[in-house]
Amino acid sequence: LKRALAAGAAWLARNAESINALNVFPVPDGDTGTNMALTMQAAVGQVADSPSHSAAEIAGGISHGALMGARGNSGVICSQIWRGFADGIAGKERITARDFADALAAATATAYRAVLKPVEGTILTVVREMGEGAKAAASTLNSYSYVLAEAAKAARLSVARTPTLLDKLRDAGVVDAGGQGLFVLMDGIRRYAEGEDVDVIEVEEATGPLAGADPQGIHVEHGEYGYCTNFLLVGEGWDFDEVRARIASFGDSAVIVGDERLVKVHIHTETPGTVLNYATALGSLRQISIANMQDQHEDFLQMHGQGGAGDASAVHTAAAGMHASGRDAGANVAQTHIAVLAVASGPGLVQVFRSMGATAIIEGGQTMNPSTEELLKAIEKAPQNEVILLPNNGNIIMAARQTPRLTKKRVAVVHTETIPQGMAALIALNYGGTLEDNVEAMQEAASQVETGEITRAVRDAKVDGIVVKSGDIIGLHNNALVTTGADRDEVAWELLGRMGAANRELITVYWGCDIAQGDAEAFRDRISERYPNAEVELVTGGQPFYDYIISAE
């Protein structure tokens, strides 16, 4: 069971790039494949050194590892599938193909419960129909070869049908990315069972449990340690396949996704400097993170049993600063009984959240969704026993919602789906109020903010009736694509109109890492001329992918 799941995880990682490309919005931030691959890598890492040969205990370890390593909505749902699977074979030392099929079918209910408003045409439909296919096959023949083949077939057909169930998939010309990821995972398991040459993540037998191990800190593939190296490469003019192959040759556990202008890299290597030197010759690097896995492993062994793990470098303690209301944020953070943790990406945005009084910043956002475990470690590091999480991204909310049951602290999640919503929520924090009152006030404040985002399309698409051409400027209003064109200002005027800018008192523009300061200042001035009754502020955001994030309050 361990080796089969490792094979599925490896096959998923190999196909992560093609899954990422199945993004409904034609923006350069598709990360479903990466999220699911890293989630499954964490799951496999959890049981890699398990001394137990009980199928039930292995499935339980997979479930726990997937939960702790879950990234994005797709990763969380994937973790819940394995939780349901583990429940389905509870108490069993060995499982037959029929047991496997029954457990897959049982996983459906758990996955559906994980989603507040289940939608058909998604990964939920695929897991349900895959389980039904597996059960039907098992009732005919209790054979792994047959059951896995029929399960994979059912998943593939279900994925192909997803555009008929969701108009947005049909209009975008894609199938559901999460469903495709689940099919690829099951197909990898099938390939392993049939003896195909799948690049299996090697599972070494070892003595001594490693329950709760950091999924990025335990090197599963070859039983050695090195440096977990992550970064974004931005530029143009390279051959992506050639770059991916070259970077992959420097190490292993590689998850490398992107295109001819942007490459996201996760790799375990003994020589991170060699990787970075190669990448810097191609373009500029951002969001560089290097963790010594040997040190992490030794630290873990010393603290075993004391809680979760994660990349400590991803969590930044808040510096003292002035809260938007004029209070000294640093002093109040030290005195308050409530910690506020915010997720943000980009040095400017990180600094703004710090200065507004956030207790700590968890670096993440588009294409770099923090895992449940990373969120949990930030919660445990906070000195307060009551914690409010601001995910600031719709794809992080589900992972954040997993954390309250994993800690003894009182944790609440304010469902902020954008950076401006997170800013507004933080301003509404009352240091003397109760956790419940603050959550209510902060959620209300977040709902009053209009968010606009301006970026560039990376492919042709049709979204909500709007035809988009690759290279066009596109505008998103509260996460919905509403306008497109060749001229950024024209897109901005349409977007601001949708945001009701003429009736707003404050317009804040956060400019991204690819925009020059002079251009940003000129853009701010044009907005001020167009909306003279509003105060227009320009803030360095430094965020990737989005030229401008605009808040209207």
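Q: Which ring does the charged end of Arg246 sit over?
A: The ring of Tyr278. The charged end is 5.8 Å from the ring centre. Keep in mind that this is a predicted model.

Q: OK. What's the overall make-up in helices and strands?
A: The protein has 21 helices and 17 strands.

Q: And how much of it is buried?
A: Of the 553 residues, 58% are buried.

Q: What share of the contacts comes from residues 24 or more positions apart?
A: 71%, counting contacts with a separation of 6 or more.

Q: Switching to aromatics. How many aromatic pairs are there?
A: The count is five. Take Trp82 and Phe85 as one of them. Their ring centres are 5.2 Å apart and the planes meet at 70°.

Q: So is that stacked or edge-to-face?
A: Edge-to-face, because the planes are at 70° and the cut-off for that class is over 60 degrees.

Q: Where do Trp82 and Phe85 sit in the fold?
A: Both are in helix α5. They are three residues apart, which means about one helical turn between them.

Q: Why does that spacing matter for direction?
A: An α-helix has 3.6 residues a turn, so residues three or four places apart point the same way.

Q: Are Trp82 and Phe85 buried or exposed?
A: Both are buried.

Q: What about Phe85 and Phe100, what geometry do they have?
A: They form an edge-to-face pair too. The centres are 5.2 Å apart, with 70° between the planes.

Q: Which helices does that pair tie together?
A: Phe85 is in α5 and Phe100 is in α6, so the pair links parts 15 residues apart in sequence. Phe85 and Phe100 are both buried.

Q: Which residues make up the aromatic cluster?
A: Trp82, Phe85, Phe100 and Tyr144 form one cluster.

Q: Tell me about α6. How far does it reach?
A: Helix α6 covers residues 97–113, which is 17 residues. It spans 25 Å from first C-alpha to last. That is close to the 24 Å expected at 1.5 Å a residue.

Q: Which of its residues are buried?
A: Phe100 is one of them. Others include Ala97, Asp99, Leu104, Thr108 and Tyr112.

Q: What covers them?
A: The cover includes α5 (72–88), α7 (123–140), α8 (144–165) and α10 (177–193).

Q: How does β1 pair with β3, parallel or antiparallel?
A: Antiparallel, over eight bridges. Strand β3 runs over residues 262–269. Within β3, Val263 is the bridge partner of Leu233.

Q: And β15 with β16, parallel or antiparallel?
A: Parallel, over six bridges. Tyr510 has Val539 in β16 as its bridge partner.

Q: Is β15 enclosed or open?
A: Largely enclosed by the rest of the structure, because five of its six residues are buried.

Q: What sits in the loop between α20 and β15?
A: Asn503 is found there, between α20 (488–498) and β15 (506–511). Asn503 counts as exposed, at 73% relative accessibility.

Q: How far is Asn503 from Asn533?
A: In space, 8.4 Å from C-alpha to C-alpha. In sequence, they are 30 residues apart.

Q: Backbone check. What is phi at Asn392?
A: About 60°, a positive value although Asn392 is not a glycine. Asn392 lies in the loop between β8 (386–390) and α17 (397–401).

Q: Buried or exposed?
A: Asn392 is buried, at 5% relative accessibility.

Q: And what is phi at Phe545?
A: Near 75°, again positive in a residue other than glycine. Phe545 is in the loop between β16 (535–540) and β17 (548–552). Phe545 is buried, with a relative accessible area of 12%.

Q: Last topic, cysteines. How many disulfides?
A: Zero, from a search of the whole structure.

Terms used: Residues are numbered from 1 along each chain as its sequence is written. This is a predicted model: local features need pLDDT of at least 70, side-chain atom pairs count only at pLDDT 80 or more; totals for chains, interfaces and linings use all residues. Side-chain values use heavy atoms; hydrogens and water are left out. A disulfide is a pair of cysteine sulfur atoms within 2.5 Å. Helices (H or I, at least four residues) and strands (E, at least two) are DSSP runs, numbered from the N terminus. The expected span of a helix is 1.5 Å times one less than its number of residues. Buried means under 20% relative accessible area, exposed over 50%, partly exposed in between (1.4 Å probe, protein chains only). Contact means heavy atoms within 4.5 Å. Two strands pair if DSSP finds at least two bridges between them. Rings of Phe, Tyr and Trp (its six-membered ring) pair if their centres lie within 6.5 Å; planes under 30 degrees apart count as stacked, over 60 as edge-to-face and the rest as tilted. A charge sits over a ring if NZ of Lys or CZ of Arg is within 6 Å of the ring centre and within 35 degrees of the ring normal.
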